[in-house]
Each structure stands twice: as C-alpha cells, then as structure tokens.
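Colleague: Could you take me through one part of this model slowly, the place where the aromatic rings meet? I'm new to this, so please keep it plain.

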Amino acid sequence: MIIWVIKTFFCIFAFCKLFLQIAEIMASDGWKDVGYEYICIDDCWMAPERDSKGRLQADPKRFPGGIRRLANYVHSKGLKLGIYADVGNKTCAGFPGSFGYYDIDAQTFADWGVDLLKFDGCYCDSIQHLAEGYKQMSLALNRTGRSIVYSCEWPLYMWPIFKPNYTEIREYCNHWRNFADIYDSWQSIRNTLDWTSSNQKIIVPVAGPGGWNDPDMLVIGNFGLSRDQQITQMALWAIMAAPLLMSNDLRHISPEAKALLQDKDVIAINQDRLGKQGYRLRKENNFEVWERPLLNLAWAVAIVNLQEIGGPRSYTISVTSLGRGLACNPDCLVTELLPEKRKLGFYEWTSSLKTQINPTGTVLLRLERTSSVQFSYSAVSDSL
C-alpha cells in the first residue's frame, strides 16, 4: 500500500480544490501507475461541532461539497480516499473526537466512501479507554461492511507507560505508528531509525501481510533533506516494509525527488510479497548495515554512512555475513539500486563487497542467488 498525504495538522488550511488537483496529478503523472493510490486528509478537516444527529461533518468553507463529493471524484480517478479521526474526546488540533461515537463515525466514513482511517490518540483520559477505543473502532469499521484500511497510533501512546501488546494491536489494526511524528530534517530521520533498530526485536517479528509497522511519512521532495538523505529515507523505508506515505506537494516536486519516489525497483522491495520486515544487521565505525529477506531467496541490503562531515567513505563487508549466510551461498548476482542503478556482478560466498558511500547517504543493493537468476532466465527463455 503506498499513499499520498496532505498533512493539515496545526490547522494549515487545505481546501477541497487542493485535493482535486492532487488527485488529477496522481492519476496523470505516473504516481498511480507505480502504486500510490490513497489521498489522505489529516487533522483539521472537521467542523467544530457534530450535526444534530451526532455525526461528524466537514468544515463547510474548506470542503463546501462535503467529503462524499470529494471521495466520488477521487474514486473517479481510480484512487482511494483516507481520512483522520481520534480515539479520544478531541483530535490533536481540538476538533471533535470519536470517544463515545465509534459506531456512528465508522458508519459515517463508510457512507462517505472513505477507504482508510488514520486514528490518532490525543485527549484520551486513560490507557484503558485508549486500548478499548482502538478495538471498538476496528470492530465498528468491520460492521459497516466496507473495506477500510485501519491506521492506528495505539502503540505510540502506550510506549511512555509500558510495552504495547503487538499481537493484540496486529489483531485490530492494519498498520500502526510506534514513534514520534517525523519532520523534514535529517535528525528526525535518524531518530526514527535509531528507535526502530533499538526496538527491532520487539516490532519486526509482528510485521507481515495485513499488519505493518509505520515509521511515519516520507518527507522526500520538501526542503530539509539533502539528495543523499532523501535516498537514505527511501532505501530504509523499503527495507522496513513501511507504508509509503508521502507528505509533500506534488504540484512543485523536483524531477529528482519524483524519480526517487517513483523508482519501481525500490518500490518492489518495499512491496515484496514475502512480507518480511527488514532489520539492522550491524553498526560499526559510523556505518549501519540493514537487510531484508525477499521472495525467491533474494535479499535487499542497505549500507548507511551516518557520518555527516567529510567526503565519501569506503565500506567493505564479507558476503558470508549477509542474509544469515544464505544470500550468496554459493554465489549471487549483486545489483545496486540506489544511488545509481547498475549491476555489480557475481560474487562468490567467500567474496568481499566494497562500496563507496556519501555522508548521510545509503547504497541499496539487491542480492539474488545465482540459481534463482538462472531459473528466471530459463523460464523467460522457455516462455518465448
């Protein structure tokens, strides 16, 4: 699932016209073709009060035609619409929360044609109400009979008090936020990666088809990241099997950022059908090595240079240490996907792999066992 988001938190005014423009761009400018399919509204879309029947209603100035009309237009472009609500008494920006209204709100969203719900956790008066609220909204969405992706922030609000029960969270949610909001800065990206790697023994095993850890949005195409840092975010979000939610302005995105976000080979790693989340394999000398198992015994490997000063640095790793010793046994074809797309050639199990990486940059590699590559070639040949 890959998504585009307009983030309206802190009441940045996002009018219906903007969403219509973005839907048109997503449909006509290659985004839908590579898999970005949801347009999601964040906080501040609501009117300050519910209607006379207790239903949420859209701000009449920002969305004069209502959410149903917007959903119809988004659907007409072959896309889907996501919306925001909160498990507590108010949203984070102070609009009506869903506490006590779970069934009404779920049915309202279904009636409007909503396809995804981001459910935040502000203004909830107890951990018990938080957990019960997330469960109740999940059940309420299911009772509507409409397929609605359920994006939770449940563990984010649990962590300060005690370790979340991820088995339970996965039972009710389709993906879930674990850590603080991401910002358009390298430090924010690093903080997210540090938290993820520090807690990977807890969160990685629970991820898989139907339920994913969400490290928050891609800020590629904005202003805070260098080219190398944007590559690092894209590569590591692919390794982490993260939902690809972009928070940017597609009307003004640079060609370089667009090409990176639409890179089909990197998206293929993110969306790999084996459905295993990757993890940090090692950290040494200001380098990190991350890896992820892929379908057909292939592996994705990301090598990150965390140093922020100086020039490119070399890093050498034995291929026997990759993919739990299986990625290149007895040998493998190594392809570099980022920052450049090129075949590095065949490596034997006893070989060493040497890379050159820019400061705060990443080299993303795909390793395929020779037997799998040959089988693929022969299958193609036979089909011809």
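**A close look at the ring cluster**

Modeller: Let's start with Tyr 172, which is buried, with a relative accessible area of 19%. The cut-off matters here: buried means under 20%, so Tyr 172 at 19% still counts as buried. Keep in mind that this is a predicted model.

Who does Tyr 172 pair with? The ring centres of Tyr 172 and Trp 154 are 6.3 Å apart and the planes sit at 55°, so this pair is tilted. Tyr 172 belongs to helix α7 (residues 166-172) and Trp 154 to helix α6, so the pair ties together parts that are 18 residues apart in sequence.

Now move on to Trp 154. This residue is buried too, with a relative accessible area of 2%. Trp 154 also forms an aromatic pair with Tyr 134, and this one is stacked: 5.7 Å centre to centre, with 5° between the planes. Again the pair links distant parts of the chain, because Tyr 134 is in helix α5 (residues 127-143) and Trp 154 in helix α6 (residues 154-158), 20 residues apart. Tyr 134 is buried, with a relative accessible area of 0%.

Ring pairs link Tyr 102, Phe 119, Tyr 134, Tyr 150, Trp 154 and Tyr 172 into a cluster. In the whole model, the count comes to 13 aromatic pairs.

What are the neighbours of β4? Strand β3 (residues 80-86) runs parallel to β4, joined by five bridges, and Tyr 84 stands opposite Lys 118 in β4. Strand β5 (residues 149-152) is also parallel to β4, with four bridges between them. There, Leu 116 has Val 149 of β5 as its bridge partner.

β3, helix α4 (residues 102-112) and β4 make a right-handed β-α-β unit. Another right-handed β-α-β unit is made by β4, α5 and β5.

Arg 50 lies over the face of Tyr 101, at 3.7 Å from the ring centre. The charged end of Lys 90 sits over the ring of Tyr 123, 4.4 Å from its centre.

Notes: Residues numbered from 1 in each chain as written. Predicted model: local features only at pLDDT ≥ 70, side-chain atom pairs only at ≥ 80, totals over all residues. Heavy atoms only, no water. Phe/Tyr/Trp six-rings, centres within 6.5 Å; stacked < 30°, edge-to-face > 60°. Helix = DSSP H or I, 4+ residues; strand = E, 2+ residues; numbered from the N terminus. Buried < 20%, exposed > 50% of the residue type's maximum accessible area, 1.4 Å probe, protein only. Lys NZ or Arg CZ within 6 Å of the ring centre and 35° of its normal. Pairing = 2+ DSSP bridges. Right-handed = clockwise from strand over helix to strand, strands pointing away.
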